[in-house]
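Welcome! Please take a moment to look over the protein below, and then we can walk through some of its details together.

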Amino acid sequence: MTDARTGWAEVADRVYQRRYDPYDVSVTVVAGADGLMVVDTRCSLAEARELRGHLRQISAAPVRWVVNTHDHFDHVWGNAEFAAPRQTPPARFFGSAEMVAAMRGADDDPDMVTLKKALAAESEDWRAKLAELEQHVPENIVQGGHDLDLGDGRVVRMRQVGRGHTGGDLVLHVPDADVLLMGDLLEESGDPCFGPDSFPLDWAATLDAALALAGPATRFVPGHGASTDASFVTSQRDALAAVAATCRSLHAAGVPLDEALKTGDWPYDREHLEHAIKRAYLHLSA
Ligand SMILES: [Zn+2]
């Protein structure tokens, strides 16, 4: 239940989620005896400063760890708020090798250039946020998995269970609270987002691997939307499997890429599937 006064929802024992505009992006906090772990940091330094204030509604403990579920801007552009010189001692940052590589390459990525132009064109607010943008790339690289003790035996298991929304999605499992933080591998308030860096053919199996970590009562926190349960994850898994199967059969039948979108029978809005088909065709042709 979301606390109407603070906006935080304690989705599991001492695990707090807050949903932020723009993009209804999740920030999740895991409170440990030694401090707070913040998972994803919103879209800008200004938003992360506001987040820091909101953290005081949960606890006065310091932010000791920051984990990024993946490299997309709405999850990482607030990072520098928790690094030196804005925070001393700084938090320790964690991300997958793939997400770190993507962040390091962001300045040369044509999709990033396009994105920044589009955001700048949106509003004065965005232009101000972009002007103070400072990337902070995680210095602790997770390859496959890493376990972190937050004190008093509370362990957070970071796991790469497969590719899907990106090539470097990280899932966080807090076994004592029976909760999985899914990043954008799971979306509850909108359709799953297939971008130009997605892996549509892998995504369903990745959700299967996440479900294998879960028990019957496990809560799942999506990158966008309200926390949910295994049956929701399973239905999203089935829809993602249907997207992959349709891409495979269209590709096998020789349907050209520019006809596939209007030809196929899709579980999601067609306007959200352009990159899914492009990426699937690319991977099937490789
Ligand atoms: Zn994303």
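## A buried ring and its partner

Phe-194 is buried, because its relative accessible area is 5%, and under 20% counts as buried. Trp-203 is buried as well, with a relative accessible area of 0%. Please keep in mind as you read that this is a predicted model.

**Aromatic pairs**

- A pair of aromatic rings is described by the distance of the centres and the angle of the planes.
- How many aromatic pairs does a search of the whole structure find? The search finds 4 of them.
- In one of these pairs, the ring centres of Phe-73 and Trp-77 are 5.1 Å apart. The planes of Phe-73 and Trp-77 meet at 55°, so this pair is tilted.
- Phe-73 and Trp-77 are both buried.
- Phe-194 and Trp-203 also form an aromatic pair, and theirs is edge-to-face. Their centres are 5.1 Å apart, with 70° between the planes.
- Which residues do ring pairs link into a cluster? They are Tyr-23, Phe-73, Trp-77 and Trp-126.

**Arginines over rings**

- Arg-42 lies over the face of Tyr-20, at 3.6 Å from the centre of the ring.
- Arg-279 lies over the face of Phe-199, and here the distance to the ring centre is 5.0 Å.

**Helices that meet**

- Two packed helices are described by the angle between their axes and the distance between the axes.
- Helix H7 covers residues 230-252 and helix H9 covers residues 274-285. Their axes come within 10 Å and cross at roughly 55°.
- H7 and H9 are therefore oblique to each other, and their crossing is right-handed.
- On the H7 side, the residues that meet H9 are Val-243, Cys-247, Arg-248, Leu-250 and His-251. Across from them, H9 brings Ala-276, Ile-277, Ala-280, Tyr-281, Leu-284 and Ser-285.
- Helix H4 (residues 110-122) and helix H5 (residues 124-131) have axes that come within 5 Å and cross at roughly 135°.
- H4 and H5 are therefore oblique to each other too.
- Which residues make the contact between H4 and H5? H4 gives Lys-116, Leu-119, Ala-120, Ala-121 and Glu-122, while H5 gives Trp-126, Arg-127 and Leu-130.

- Asp-125 is found in helix H5. Is Asp-125 buried, exposed or partly exposed? At 45% relative accessibility, Asp-125 counts as partly exposed.
- Asp-125 and Leu-45 are 80 residues apart along the chain, and their C-alpha atoms are separated by 12 Å.
- Leu-211 lies in helix H6, which runs over residues 203-212. Leu-211 is buried, with a relative accessible area of 19%.
- Leu-211 and Arg-237 are 26 residues apart in sequence, and the C-alpha to C-alpha distance between them is 9.7 Å.
- Which residues does Leu-211 contact, leaving aside its neighbours within four places in sequence? They are Phe-220, Ala-230, Val-233 and Thr-234.

**Backbone details**

- Most residues other than glycine have a negative phi, and most peptide bonds are trans.
- A cis peptide bond joins Asp-21 and Pro-22, with omega at about -5°. Pro-22 is in the loop between strand S2 (15-20) and strand S3 (25-32).
- The peptide bond from Thr-88 to Pro-89 is cis as well, and its omega is near -10°. Where is Pro-89 found? Look in the loop between helix H2 (73-76) and strand S6 (92-96).
- Arg-14 has a positive phi, near 55°. Arg-14 has its place in the loop between strand S1 (9-12) and S2, and is partly exposed at a relative accessible area of 35%.
- Tyr-23 has a positive phi too, near 80°. This residue is found in the loop between S2 and S3.

Note on methods. Residues are numbered from 1 along each chain as its sequence is written. This is a predicted model: local features need pLDDT of at least 70, side-chain atom pairs count only at pLDDT 80 or more; totals for chains, interfaces and linings use all residues. Side-chain values use heavy atoms; hydrogens and water are left out. Rings of Phe, Tyr and Trp (its six-membered ring) pair if their centres lie within 6.5 Å; planes under 30 degrees apart count as stacked, over 60 as edge-to-face and the rest as tilted. Buried means under 20% relative accessible area, exposed over 50%, partly exposed in between (1.4 Å probe, protein chains only). A charge sits over a ring if NZ of Lys or CZ of Arg is within 6 Å of the ring centre and within 35 degrees of the ring normal. Axes are lines fitted to C-alpha atoms, for helices over the stretch in contact, and angles run from 0 to 180 degrees between N-to-C directions. Helices (H or I, at least four residues) and strands (E, at least two) are DSSP runs, numbered from the N terminus. Angles under 35 degrees count as roughly parallel, over 145 as roughly antiparallel, 65 to 115 as roughly perpendicular and the rest as oblique. A crossing is left-handed if the near helix is turned anticlockwise from the far one by less than a right angle, and right-handed if clockwise. Contact means heavy atoms within 4.5 Å.
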